[in-house]
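Thanks for coming. I will go through one model, starting with the strands and ending with the charged pairs.

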Amino acid sequence: MKTMAFIVGSDKFEKLMMSIILSRTGVAMDVETHIFFTFWGLNLLRKGGADKAKLNLPPIMRNLGTWMIKRKLKKAGYKKPSEMLSELAKTGKVHLHACSTTLELFGLKKEDLIPEVEDIVGAATFLDIAADADKVLVLA
């Protein structure tokens, strides 16, 4: 089976959606995907965090722009980001990994994260996973 590995280091909505859409496509193509959430990207795995993500726009446009794109996605049949992450994890082909160092730096515990987080790993463990992947993308 082919594999992909993504590193998400940003809590911006577009980075989250890139990882979700690429993972959904991977599932359809029978590609296993590992997503490592580190630094600000870890906020997307906090309970409620994925649905609160905002676009990377100037502050004056951020809320309106995010509302508009979420509305367009909903009209196109997309669910909330948290629901999509849950569905992806349930396929068994998409693995959500939280960075142990970032968890410690932010003072978080596994209980603060969504239940779909498969494990908490360090950089060395994820680099082992990524080294075996056919494709590695950084979404920071």
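Buried here means under 20% relative accessible area, exposed means over 50%, and partly exposed is in between, with a 1.4 Å probe and protein chains only. Helices (H or I, at least four residues) and strands (E, at least two) are DSSP runs, numbered from the N terminus. This is a predicted model, where local features need pLDDT of at least 70 and side-chain atom pairs count only at pLDDT 80 or more, while totals for chains, interfaces and linings use all residues. Residues are numbered from 1 along each chain as its sequence is written, and side-chain values use heavy atoms, with hydrogens and water left out.

Start with strand S3. Six of its six residues are buried. Val 94, Leu 96 and Ala 98 point one way, His 95, His 97 and Cys 99 point the other way, and all are buried.

What does S3 pair with? Two strands pair if DSSP finds at least two bridges between them. S2 and S3 pair in the parallel sense, over five bridges, and Thr 33 has Val 94 in S3 as its bridge partner. S3 and strand S4, residues 117-121, also run parallel, joined by four bridges. There, His 97 has Asp 119 in S4 as its bridge partner.

Next, the cores. A nonpolar core is a set of buried Ala, Val, Leu, Ile, Met, Phe, Trp, Tyr and Cys residues joined through side-chain atoms within 4.5 Å. In soluble globular proteins, nonpolar side chains tend to be buried together. The largest nonpolar core in this model has 29 residues, and Leu 45 and Leu 96 touch the most other members. At least two residues of this core come from each of strand S1 (3-8), helix H1 (13-28), strand S2 (32-37), helix H4 (81-90) and strand S3 (94-99). H1 gives the largest share, four residues.

Which residues does Leu 45 touch? Taking contact as heavy atoms within 4.5 Å, and not counting residues up to four places away in sequence, Leu 45 touches Phe 37, Leu 96, His 97, Ala 98, Asp 112, Leu 113, Ile 114 and Val 117. There is also a second, separate core of eight residues, including Phe 36, Val 121, Phe 126 and Ala 133.

Last, the salt bridges. I count one when a side-chain nitrogen of Lys or Arg is within 4 Å of a carboxyl oxygen of Asp or Glu. How many salt bridges does this rule give? The count is three.

In one of them, the side chains of Lys 93 and Asp 30 meet at 2.7 Å, N to O. Lys 93 is in the loop between H4 and S3 and Asp 30 is in the loop between H1 and S2, so this pair ties together parts that are 63 residues apart in sequence. Lys 93 counts as partly exposed because its relative accessibility is 22%; Asp 30 counts as partly exposed at 39%.

Another salt bridge joins Asp 51 and Lys 80, with the closest N and O atoms 3.9 Å apart. Asp 51 lies in helix H2 (residues 49-52) and Lys 80 in the loop between helix H3 (59-75) and H4, so this pair ties together parts that are 29 residues apart in sequence. Asp 51 is partly exposed, with a relative accessible area of 24%, and Lys 80 is partly exposed, with 47%.

Lys 79 also forms a salt bridge, with Glu 87, and the closest N and O atoms are 2.4 Å apart. Lys 79 is partly exposed at 44% relative accessibility, and Glu 87 is partly exposed with a relative accessible area of 36%.
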